[in-house]
Every structure is written in structure tokens, then in C-alpha cells.
Amino acid sequence: MKSPLLPLQKAIYDRLKANLTCPVYDNVPDGAKMPYVTLGEDTAVDWSTKLENGQEVTHTLHIWSEYKGMMESKQIIDQVIQAITSTPLVVEGFFVVSARVDVVETMRDPEGYRHGIVRFRFKIQE
């Protein structure tokens with residue numbers, strides 16, 4: 001069995017970069033202006049059977065905004081959800097059986113920024 005984490009991250013990054021109105025980063029460059037989305041944490045749980053290899057993977061995305069209210073971060077959250085769920089992701093070397101939103105959260109960061117979190121859950125076959 002091989003890990004789908006990196007190919008899935010690439011597919012998510014490519015999809016977001018093509019569909020969002022703000023930048024998407026794996027590593028935020030110095031001086032980057034908000035708003036932007038950052039790639040976040042993953043989990044993977046094996047669900048393989050005798051006949052097929054598979055994993056259930058979560059991937060978390062973080063939305064960052066300096067806008068004084070929650071409007072901008074919520075608009076970007078909506079763009080993120082639509083980009084990932086509107087059409088199936090193509091993940092090199094794997095087949096995405098399903099993709100769904102697991103958790104959405106908004107908060108005020110202690111430094112005064114608005115922070116949105118969207119975690120997706122993917123069922124993936126090798």
C-alpha cells in the first residue's frame with residue numbers, strides 16, 4: 001500500500017489555485033498579504049480489504065483574513081467548499097470514492113485576524 005497524502009495535497013492545491021480569488025500556500029512567504037488559504041494537517045486511516053487497498057483521509061485547510069468581520073473568511077470558505085466538492089478530484093495513482101465536508105469553523109485569532117477552518121474527508125482507493 002502507498003500513501004495518498006502527497007498526491008491528494010497536490011490535487012487539492014491545484015484545484016484551489018485554479019478556483020479561488022485569493023492565493024493558496026503550503027508555506028506562506030514572508031510579506032504575504034491576506035486573505036489567503038493555507039494547506040494544513042492530514043490524517044489517514046486504513047480501510048483496506050483482501051481485494052483492495054484504501055484509506056480514509058482528512059485534509060484541513062485554513063483561511064486567513066484581516067477583514068474586520070467574518071464576511072470575507074466565510075466567502076472564501078464557500079469558494080473552498082465549492083471548488084473541492086463541485087467535481088471529483090483527480091488524484092494521481094488513486095481513485096477518490098467520496099469527498100465531503102467534515103468540519104467548518106470560524107474564529108477570531110488572538111492576533112486579531114479572522115481564521116476559518118475547513119476539514120474534508122476523502123475515501124480513497126489505490
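# Notebook: a first walk through the model

I began with Gln125, which counts as buried because its relative accessibility is 19%, and buried means under 20%. A reminder to myself before going further: this is a predicted model.

**Entry on Gln125.** I looked up where this residue sits and found Gln125 in strand 5, which covers residues 114-125. Next I asked myself which side chain makes a polar contact with the side chain of Gln125. My note says Glu52, at 2.5 Å. I then listed the residues that Gln125 touches, leaving out those up to four places away in sequence: Trp47, Glu52, Asn53, Gly54, Phe94, Phe95 and Val97.

**Entry on His115.** I stayed with strand 5, where His115 also lies. Is His115 buried or exposed? I wrote down buried, because the relative accessible area is 8%. The side chain of His115 has a polar contact with the side chain of His62, at 2.8 Å. Setting aside neighbours within four places in sequence, I noted His115 in contact with His62, Ile63, Trp64, Glu105, Thr106, Met107 and Asp109.

**Entry on Ser3.** I moved to the segment before helix 1 (5-19), where Ser3 is found. I marked Ser3 as partly exposed, since its relative accessible area is 44%. A polar atom of the Ser3 side chain lies 3.2 Å from the backbone nitrogen of Leu5. Not counting residues up to four places away in sequence, Ser3 touches Gln55 and Phe94. I looked up one more pair here: Ser3 and Gly93 are 90 residues apart in sequence, with 9.9 Å from C-alpha to C-alpha.

**Entry on the two helices.** At what angle do helix 1 and helix 2 pack? I found about 125° between helix 1 and helix 2 (residues 71-85), and their axes are 9 Å apart. That angle makes helix 1 oblique to helix 2. I noted the crossing of helix 1 and helix 2 as right-handed. On the helix 1 side I wrote down Ile12, Arg15, Leu16 and Asn19, which meet Val80, Ala83 and Ile84 of helix 2. Sorted by kind, the residues of this contact are five nonpolar, one polar and one charged.

**Entry on Pro35.** I finished at the loop between strand 1 (24-25) and strand 2 (36-46), the place of Pro35. Is the peptide bond from Met34 to Pro35 cis or trans? I recorded cis, with omega near 5°. For comparison, most peptide bonds are trans.

Technical notes. Residues numbered from 1 in each chain as written. Predicted model: local features only at pLDDT ≥ 70, side-chain atom pairs only at ≥ 80, totals over all residues. Heavy atoms only, no water. Helix = DSSP H or I, 4+ residues; strand = E, 2+ residues; numbered from the N terminus. Buried < 20%, exposed > 50% of the residue type's maximum accessible area, 1.4 Å probe, protein only. Polar contact = N/O pair within 3.5 Å; in protein donor to acceptor, adjacent residues only side chain to side chain. Contact = heavy atoms within 4.5 Å. Axes fitted to C-alpha atoms, helices over the stretch in contact; angles between N-to-C directions. Parallel < 35°, antiparallel > 145°, perpendicular 65-115°, else oblique. Left-handed = near helix turned anticlockwise from the far one by under 90°. Nonpolar A, V, L, I, M, F, W, Y, C, P; charged D, E, K, R; others polar.
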